[in-house]
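Here is a quick tour of one protein chain, with a few spots worth a look. Have the viewer open and follow along.

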Amino acid sequence: MNKIIYLDSAATYQKSKKVIESQVDFLRGGYANAGRGICARSVAVDNMVGYARQRVADFMGAHPGQIVFTSGTTAAMNMIAGMLGLGGDKIVAVSDLDHHSARLPFAKSLAKTIVMPLNEKLDIDINQIPYADVMVVTAMSNVLGVAQNVPEIVRMARNKNPNVVVVVDAAQYVVHEKIDVQKWDADFVVWSAHKIGADTGLGLMYVKKPDAYNPVIFGGGMVNKITNGEVFLTPGPEKFEAGTLPLTQIAGVGVAIDELEKNRPDLNLIKYMYDQLSMLPRIKILTRRDATVLTFVIDGMHVLDFGARIGARDICVRVGNMCATWIHNLMGVPGTIRLSVGACNTMDEIKYTVQVIKDIVK
Ligand code: PMP
């Protein structure tokens, strides 16, 4: 092998030629601001943004009026926590599957945080869904890579409290499974474009009832009119999108979705590595064979040590706590090693990686 083997698609996905070209075409030939002008080029950019919003909506089973462009999952989660105006009497349910980005914006609010129990398989325990005012549901953990039963979790949450606001972190789920917001019945669903092969700096936030919330970020592009000092906001998702949008990223997101729908990561590559690595006595695999990632620790070797050694062989993997401290605490390990795949990987690369790992842990 004389090229880098990239096994960290769960952190961020490689960009395809088509996505790069769609962004470059926009930068070179069609650049202007959106929602700001009436010349032909501005109108073309408005149309491009409108198309992307429609494409994202179709992709999630939503209406374009429910799709808000943010700068990422993290930004969306902070925005939602702010919009909900969580006071001291509110209960926010979270789980140990959460990424720091999903939980901290709520845990740092004034509300009371309760942790939903996981079952023995480390899935959210459907039979122990608590009463909550707000529930954060991680649809797929970035450490364990297993789809959670979101419709059932939402149904149980609404049984306990019909007014619960359910916020779904779909940052990992979106890569591997189809999101269907109708089936999920959540209030918010968020993900980041860079995880599916579009660019960083763009987040997608589904809001079931945009009229029910007020924005927390104010500025240009969201104002309909100001009369006698009173500010009337633009109806629809634009009211949550103050300031100039990440247009270059938006130019690529539709193509990235097209490509993802045709070509999701081949999880047989994960299964192959699982079968091979589970035979090595020093390796302790923490994920299931059918998970979307392979996460493990090595007896007698620090994860950073392993990361440096495999990195020196030109293989990129993720090591550490993956911004998911709670699941690591629950599993009793400070850090793990994660292998994840994307459309860029081949079976030859995977076979070579297995050989290198065998060499390192022998
Ligand atoms: N949630 C999960 C499950 C993730 O994997 C990530 C990215 N590692 C995030 C949230 C945060 O996404 P971003 O950094 O793009 O805002």
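Aspartate 185 sits in the loop between helix H7 (181-184) and strand E7 (188-192); helices (H or I, at least four residues) and strands (E, at least two) are DSSP runs, numbered from the N terminus. This is a predicted model, where local features need pLDDT of at least 70, side-chain atom pairs count only at pLDDT 80 or more, and totals for chains, interfaces and linings use all residues. Residues are numbered from 1 along each chain as its sequence is written, and side-chain values use heavy atoms, with hydrogens and water left out.

Back to the loops. Aspartate 185 has a positive phi, near 60°. Asparagine 228, in the loop between strand E9 (223-227) and E10, has a positive phi too, near 50°. Most residues other than glycine have a negative phi.

Here is how some individual residues score on accessibility, where buried means under 20% relative accessible area, exposed over 50%, and partly exposed in between (1.4 Å probe, protein chains only).

| Residue | Relative accessible area | Class |
|---|---|---|
| Aspartate 185 | 28% | partly exposed |
| Asparagine 228 | 81% | exposed |
| Valine 231 | 45% | partly exposed |
| Threonine 292 | 7% | buried |

Valine 231 belongs to strand E10 (residues 230-233). With Val223 and Ile226, Val231 makes a nonpolar surface patch of about 250 Å².

Now for the inside. What does tryptophan 184 touch, leaving out residues up to four places away in sequence? Its partners include Val150, Pro151, Val168, Tyr173, Ile179 and Val189, with contact meaning heavy atoms within 4.5 Å.

In helix H9 (residues 268-277), the buried residues are Leu269, Ile270, Met273, Gln276 and Leu277. They lie on the same side of H9, because they cover an arc of only 130° around the axis, taken from the directions from the helix axis to the C-beta atoms. These residues pack against strands E11 (283-285), E12 (293-298) and E15 (336-340), and against helix H12 (347-361).

Threonine 292 is in the loop between E11 and E12. Among the residues it touches, beyond four places away in sequence, are His176, Leu267 and Ile270.

Key:
Patch = residues over 30% accessible without salt bridge, like charges linked within 9 Å, V, L, I, M, F, W, Y side chains within 5 Å. Areas by Shrake-Rupley, 256 points an atom, 1.4 Å probe, with all protein chains shown as cover. Salt bridge = Lys/Arg side-chain N within 4 Å of Asp/Glu carboxyl O.
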